[in-house]
Amino acid sequence: MITDYRVMASDKVRVEVFRRGIEAVVKPGDVVVDIGCGLGTYAVFACRAGARKVYAVERSDVIIAARQVAKASGCGGRIEFVHGDALSVELPEKADLAITEDFSVVFADPDTERLVSSVRRRLLRKNGRFVPESAAVCAAPVTCRNVYEKLDRLGASADKVCGVDFSATREMAMNSIARAWFRPSQLMGAPKRVHGVEFAAGTPFEFDATLRFRAPKTALVHGVAVWFDALLAPRIRLSNAPGAPRTLWGQGFLPLTRPMRAKKGAAVAVALAARRSRDRDRLWWQWEVTAGGVRADGTTFRSFPMSATSLEAGSRSHRPGLSRDGEITECALRMLGSGCTILEVARGLRRQFPGTFGSVREALSRAGEAGRKFGNLKL
Ligand SMILES: C[S@@+](CC[C@H](N)C(=O)[O-])C[C@H]1O[C@@H](n2cnc3c(N)ncnc32)[C@H](O)[C@@H]1O
């Protein structure tokens with residue numbers, strides 16, 4: 001929704017730091033690619049910083065508004081808006097610099113990793129640069145009764161509502177990463193850097209670290225707070241750390257199934273890892289906290305019900321074939337590829353899959369969806 005983009009634009013901390021970073025890094029004559037340009041804010045900054053050409057790549061139709069934003073900001077001429085997926089678009093020339101910021105709250109996310117790696121290989125010239133150039137994942141144990149109770153919102157009623165027993169879902173909720181805004185005083189130890197990623201070097205996002213903290217006060221440890229610290233340009237940083245100027249990101253909260261007490265001065269050990277799934281498509285976060293001889297852990301692997309079949313689906317030796325839905329999509333794509341109109345595709349789908357679509361209108365919506373998603377659209 002456009003309001004989401006306006007909310008992002010209103011995050012002055014984020015926009016202002018990116019403006020300074022882009023101005024510091026763009027050299028006159030540079031070719032810049034803004035990956036996932038949204039409303040094109042950073043493309044405008046790059047253009048004003050002296051880029052010869054800016055390619056603003058965006059897969060969503062928000063790119064139409066971005067074009068208007070750039071024109072109204074006096075940068076229409078040098079920005080070329082490219083509608084498509086940055087994982088597969090082709091640009092007429094390689095870029096000197098790529099700007100990217102689609103980071104999750106805990107940063108280490110497989111989609112970001114895939115995007116950065118693909119942009120480096122396909123869209124950047126050799127020795128091309130990134131804004132940010134690097135980012136570090138940071139963490140500390142945290143005491144946060146309110147956030148914890150909000151996440152465990154059915155805990156007070158023993159997971160029962162009007163006689164319905166939801167207790168089977170509690171463990172999943174307490175293995176999920178939540179978003180929170182912590183104060184530095186809630187951290188149960190001085191923050192530690194867990195893992196650093198250099199974008200141009202292609203550092204893997206996965207990590208496995210053991211961190212040792214000393215509790216600054218006696219309190220319950222409810223979980224681990226995680227954030228990132230990104231270096232946009234020399235001495236220009238953007239961080240969503242507790243106590244840093246507030247951004248929309250906030251911090252990630254990794255809860256413990258049971259809070260544990262730590263005495264002032266006691267050692268608190270945190271084992272924290274982001275491990276690649278077997279199909280390499282996901283990163284599973286794992287955390288384990290030990291304090292006062294008690295241990296508790298969590299993993300995003302347990303954050304949602306998952307069948308053995310869906311786990312197996314992406315593995316190398318698996319031959320899943322096509323579901324009915326897959327057959328419909330395949331058929332629609334074949335017709336689209338041979339130049340059929342959406343109406344012809346809809347009629348073809350009704351013929352090929354009798355009984356599936358109650359009306360041409362229903363089939364039209366399916367054909368239109370395939371056209372929008374996979375068609376060669378020039379916005
Ligand atoms: C956090 S928003 C960026 C907002 C933008 N910097 C701005 O200031 O308006 C991330 C954007 O990246 C886009 N995006 C994410 N992955 C993409 C991909 N693989 N290809 C193209 N766009 C992508 C999303 O559609 C979204 O608009």
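Predicted model: local features only at pLDDT ≥ 70, side-chain atom pairs only at ≥ 80, totals over all residues.
**A first look at the domains, ligand shell and a helix pair**

Helix H9 passes helix H11 in a right-handed crossing. The protein chain is divided into domain 1 (2–99), domain 2 (136–274 + 286–303) and domain 3 (324–374).

**The H9 and H11 pair**
- The axes of H9 (residues 324–337) and H11 (residues 360–374) come within 10 Å and cross at roughly 65°.
- Because of that angle, H9 counts as roughly perpendicular to H11.
- On the H9 side, Ile-328, Thr-329, Ala-332, Leu-333 and Leu-336 make the contact.
- H11 answers with Arg-366, Ala-367, Ala-370, Gly-371 and Phe-374.
- Sorted by class, this contact has 7 nonpolar, 2 polar and 1 charged residues.

**Where domain 1 meets domain 2**
- The C-alpha centres of the two domains, domain 1 and domain 2, lie 33 Å apart.
- In the contact between them, 11 residues of domain 1 touch 8 residues of domain 2.
- On the domain 1 side, helix H1 and helix H2 (12–25) each supply at least two residues.
- H2 gives the most to that side, with 8 residues.
- By class, the domain 1 side has 7 nonpolar, 1 polar and 3 charged residues.

**Around the ligand**
- The ligand is surrounded by 19 residues, and the closest are Gly-36, Gly-38, Thr-41, Arg-59 and Ala-86.
- Helix H1 (2–9), helix H3 (41–48) and strand S2 (53–58) are the elements that give two or more residues to this shell.
- The shell has 10 nonpolar, 4 polar and 5 charged residues.

Note on methods:
Residues numbered from 1 in each chain as written. Near = placed C-beta within 6 Å. Helix = DSSP H or I, 4+ residues; strand = E, 2+ residues; numbered from the N terminus. Nonpolar A, V, L, I, M, F, W, Y, C, P; charged D, E, K, R; others polar. Axes fitted to C-alpha atoms, helices over the stretch in contact; angles between N-to-C directions. Parallel < 35°, antiparallel > 145°, perpendicular 65-115°, else oblique. Left-handed = near helix turned anticlockwise from the far one by under 90°. Contact = placed C-beta atoms within 7 Å. Domains from an automatic or database assignment.
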